[in-house]
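Please consult it alongside the sequence and structure shown here.

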Amino acid sequence: MTDPAKVRRHAERVRELVASVVRTQIKDPRLGMITITDARITGDLRDATVFYTVLGDAAAQAGTAAALDSAKGLVRSTVGKALGLRHSPTLTFVHDVVQDHAKHIDDLLAQARTADTEVQRLAAGAEYAGEANPYKEEEADEDEGDEDDARDRP
């Protein structure tokens, strides 16, 4: 079993190396505006998953995926040499959908804000259905006066 800290360090190094190779060595015209967001590596250091995002439409994303798939051997050999491991980890490129999820969450938050302002607008002119204070309050002054009256009577 490999140390988890060592696995994290190797994963971070894989992310940096892949980003460097994509930036400097891959000259494929299909490669779009790509950002390597994360890399994860298994505990045995044999398989690495690299997450990326692409700026553009579906065609740019498909072209970038094809370019990364065709350059997988070059990237794997560069990563393997730089890491100095016995076995170069196999690389799997996965399109990261974090931006889509973040946009969806932002849309949901905007809907919630709109609903909250509507509720506040309706609550501003609302009146209580019953009394303003529905709880019974003890009247201390009247109770004491009643006891004094009861003692004064024969």
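Helices (H or I, at least four residues) and strands (E, at least two) are DSSP runs, numbered from the N terminus. On that basis, the protein chain follows the pattern α-β-β-α-α-β-α-α along its sequence, with 5 helices and 3 strands in total. The model is predicted: local features need pLDDT of at least 70, side-chain atom pairs count only at pLDDT 80 or more, and totals for chains, interfaces and linings use all residues. Residues are numbered from 1 along each chain as its sequence is written, and side-chain values use heavy atoms, with hydrogens and water left out.

**Chain as a whole**

- Of the 154 residues of the protein chain, 23% are buried (under 20% relative accessible area, whereas exposed means over 50% and partly exposed lies in between; 1.4 Å probe, protein chains only).
- Among contacts (heavy atoms within 4.5 Å) between residues at least 6 apart in sequence, 64% join residues at least 24 apart.

**Strand pairing**

- Two strands count as paired if DSSP finds at least two bridges between them.
- Strands β1 (residues 33-41) and β2 (residues 47-55) run antiparallel and are joined by 8 bridges; M33 stands opposite L55 in β2.
- The hairpin of β1 and β2 has 5 residues between the strands, and L45 takes a positive phi near 60° there.
- β2 also pairs with strand β3 (residues 90-95), in the parallel sense and over 6 bridges; V50 has F93 in β3 as its bridge partner.

**Helix α2**

- The 13 residues of helix α2 (residues 58-70) should span 18 Å at 1.5 Å a residue, and its end C-alpha atoms are 18 Å apart, which agrees; the expected span is 1.5 Å times one less than the number of residues.
- G63, T64, A67 and L68 are buried in α2.
- Seen down the axis of α2, its buried residues fall within an arc of 135°, so they line one face of the helix; the arc is that of the directions from the helix axis to the C-beta atoms.
- These buried residues pack against α1 (4-24), β1, β2, α3 (72-83) and β3.
- The face of α2 turned away from its buried side carries the exposed residues A58, A59 and S70.

**Nonpolar core**

- A nonpolar core is a set of buried Ala, Val, Leu, Ile, Met, Phe, Trp, Tyr and Cys residues joined through side-chain atoms within 4.5 Å.
- The largest such core has 26 residues, and V14, V18, V75 and F93 have the most contacts inside it.
- α1, β1, β2, α2, α3 and β3 each supply at least two residues of this core, and α1 gives the most, with 7 residues.
- Leaving aside neighbours within four places in sequence, V75 is in contact with V18, V21, I26, L91 and F93.
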